[in-house]
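Please keep the model in view while reading.

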Amino acid sequence: MFENCLNWILINQNKQGFWGNSDSQGNPTIESLVATLACILALNRWSVGTLMIEKGLAFIHSSQAEKLLRQVLIIKDNCPVWFAIVFPAMIELVQKANFKIELKKLLVSDVFHKRQLILEREQLVDDHDHYPPLLSYLEALPSSDKIDEEVIFKQLSGDGSLFQSPSATASAFMSTRNKKCLSYLKSLAQRCPNGIPTTYPMDEELIKLWIINNVQRLGLAEHFTSDIEEVLEQVYKIVAKPTILEALQLQLHKYSLAFRLLRIHGYKVLPWSMCWFLYDEEIKNVIENNHEYFSSVMVNVFRATDVTFRGEYELQEAKSFSRKMLQKSISMGAGDDQIISFGELIEHELRVPWMARLDHLEHRWWIEENEANVLWKGKTCFQRLLSLHNNKLIRLALQNYEFKQSIYKAELKELKIWSKDWGLSDMGFGREKTTYCYFAVAAGCSLPYDSDVRMFVAKSGILVIALSGEGKIIFDALDNVVSEMAIKYFKHEENDITNNLRDIWYETFLSWLTEATWSKADYIPSMDEYIKVGMVSVGAHTMVLPTCCFLSPSLPISKLGTLQYKIITKMLMILARLLNDIQTYQKEKDEGKVNSVLLYMENNSEVDMEESIAGLRKIVDKKREELLEHVLMDGFTDLPKSCRQLHLSCFKVFQMFYNFSNKFDSNTEMVEDIKKSIYIPPKIQPSKPLKPQSLPLESNTNSLSMKYHSGRCTKYYIKGSTLPMHQLSWTCSRSKGNWKMTIPPKFNCLCTHI
């Protein structure tokens, strides 16, 4: 029945002698210690692989294995519960099979001692304090601990499994000879011939959501929009009426992931669909007492709160709770030594707000840190895609990223020539600001925006900076940009927007003149008066609104007037002004200029500078949540969704520049990010693939299979592409201002059983 599982062991031993997961450098993890002992036992049981057994034992006795134990037990003093239970059991079984294990006695006895403490402390099934329950490790519990069969029977699921764990179910069958357990194991062996998963069955909607999330974070979503929408439409029907099942971790993971993805794609989802766990103190206690096990879930809960709308206090509470759990995981060693980069993922999420990250750079981070790309925490290890196929997806994302870089380099070169030809690069505001402006729009407004969109936003940004000075050169450059935009718009729409564009710039000039008059006369306006002028002078609308005319669908010409901006545009203008003011108040104070931070103090004599800044940040937080809702949800404005998305991208650029400091006025802070966005390709270190029993690239279907992987198993796969990823070829061309890329036919993001 398990012949294929044995074959898997025979072809998946690492050159260093171990089985199981390795880190990004190919080094073993603590999971490798347990996996290697288990494989030695299996080979010995079936009297095959003598040399492989010897090689595996050599690894167990090596300095590498000792180093792993020392790191977990002594250096970090953070031995995972699963390891303290399973590793001693493997040692006992191997010794019972007459193999001599030569490890440092002190280290081994330390693990056995930790196991004993756990066995004394925990009950077999404890719904309140420990998760997963001790009984889920039935296969690893000491044989001296006789467990009543009735206790096992009560915990069996309808499918005959014990906590959806194949290993625990196998042990339950050996103890009880229950026919349902045997049926479950036989079905599992038939449906997963290339290796047994650590958890079965899996929630297929959860797998689909994870794949979509991964594709989006790698920057590939634009190529699979119809597939993503199809899956989300199916998931929405389920998530709209959440059903809370006994698999707490997977349910939390599923609903938090679904909540974020659905909201980002415009679905109306109530906070309760994700925040139900906050109303159950027992569930919260389970999470708090087992934060290591729930670390990957809390990352997704924390990320789901990125799409909080104004007044959604449940999501604010969820953000606070998940942040506390993640900080606890960081302090305890990021939850697991199997995957160091997962700790880096937690730190990344906590350190930089989502709204202050630029999409292009975020895609790069995810490509480079692909080792953190885990599904969720299983009973003994992180679940993930099979390395073989994850590496192919990473390579696809890498080629996609480098393709974009080739476009960005060409456009930036063209922009620098334009800036130099009009004399803007020599006017004192610095050549680097030409690069800054282009970097901001390219990294913040990723493809498939047309080249014209990026170039017009960048040119408008350069002019907003340059026009703070004087001179005929600047106005000639402005006239060039206005004329270029008007001519291109007329060619497509047969309407003249010259006067509309001039009106927007005229209004901006008036705001600068008003601020100069205030400064010269030492006039202190009211806060309302200042915001009315300052929201225009910051220039966000001059970059966004005219450019929206070149999106698809485009901004109607009737919306381009200055008499009454849409609420979404006003919010962007106000937010841009406040973010700028919070980081530039000292500079403007020294120059004798008005600033909202200073005005807040003027109007509230009892507050100091820090309190003034804190007060404005609260306003920014509320306005940001309101802006996000207007961007993502239909019904608040009649602006096209593409236009609303550009508003959001513009805000994220301002948030990035002015989040923690004034990066825009710095000549050094953005240099590395610019290089990474435009010039330097991502660096990846793909993990070494484990070999499936048969390659999933089947010639008769000519499709790509991407199999779900948890160290020693495969279960789910994506299928539908007509070309293997290693045969992908990328070609690009430019036509009518647009860069085009030829890619292979789509693959469907559908998970099915093997």
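Over the ring of which residue does the charged end of Arg177 sit? The ring is that of Phe173, and the charged end of Arg177 lies 5.1 Å from its centre. The model is a predicted one, and the points below are grouped by topic.

**Charges over rings**
- Besides the placement of Arg177 over Phe173, Arg260 lies over the face of Trp354.
- For Arg260, the distance to the ring centre of Trp354 is 5.0 Å.

**Aromatic pairs and a cluster**
- The structure contains 20 aromatic pairs.
- One of them joins Trp82 and Phe83, whose ring centres are 5.6 Å apart; because their planes stand at 85 degrees, and an angle over 60 counts as edge-to-face, this pair is edge-to-face.
- Trp82 and Phe83 are both buried.
- Phe475 and Phe509 form a stacked aromatic pair, with 5.3 Å from centre to centre and 20 degrees between the planes.
- Phe475 belongs to helix α22 (residues 472–493) and Phe509 to helix α23 (residues 498–521), so their pair ties together parts that are 34 residues apart in sequence.
- Phe475 has a relative accessible area of 42% and is therefore partly exposed.
- Tyr436, Phe654, Phe657, Tyr658 and Phe664 make up one aromatic cluster.

**Helix α11**
- Helix α11 covers residues 225–239, which is 15 residues, and at 1.5 Å a residue these should span 21 Å.
- The C-alpha atoms at the ends of α11 are 20 Å apart, which agrees with that expectation.
- The buried residues of α11 are Asp227, Ile228, Val231, Leu232, Val235 and Val239.
- These residues cover an arc of only 120 degrees around the axis, so they lie on the same side of α11.
- An α-helix has 3.6 residues a turn, which means that residues three or four places apart point the same way.

- Ser32 is located in helix α2 (residues 30–45).
- Ser32 counts as buried because its relative accessibility is 0%, and buried means under 20%.
- With neighbours within four places in sequence left aside, Ser32 is in contact with Phe18, Trp19, Gly20, Asn21 and Phe59.

Note on methods
Residues are numbered from 1 along each chain as its sequence is written. This is a predicted model: local features need pLDDT of at least 70, side-chain atom pairs count only at pLDDT 80 or more; totals for chains, interfaces and linings use all residues. Side-chain values use heavy atoms; hydrogens and water are left out. Helices (H or I, at least four residues) and strands (E, at least two) are DSSP runs, numbered from the N terminus. The expected span of a helix is 1.5 Å times one less than its number of residues. Buried means under 20% relative accessible area, exposed over 50%, partly exposed in between (1.4 Å probe, protein chains only). The arc is that of the directions from the helix axis to the C-beta atoms. Rings of Phe, Tyr and Trp (its six-membered ring) pair if their centres lie within 6.5 Å; planes under 30 degrees apart count as stacked, over 60 as edge-to-face and the rest as tilted. A charge sits over a ring if NZ of Lys or CZ of Arg is within 6 Å of the ring centre and within 35 degrees of the ring normal. Contact means heavy atoms within 4.5 Å.
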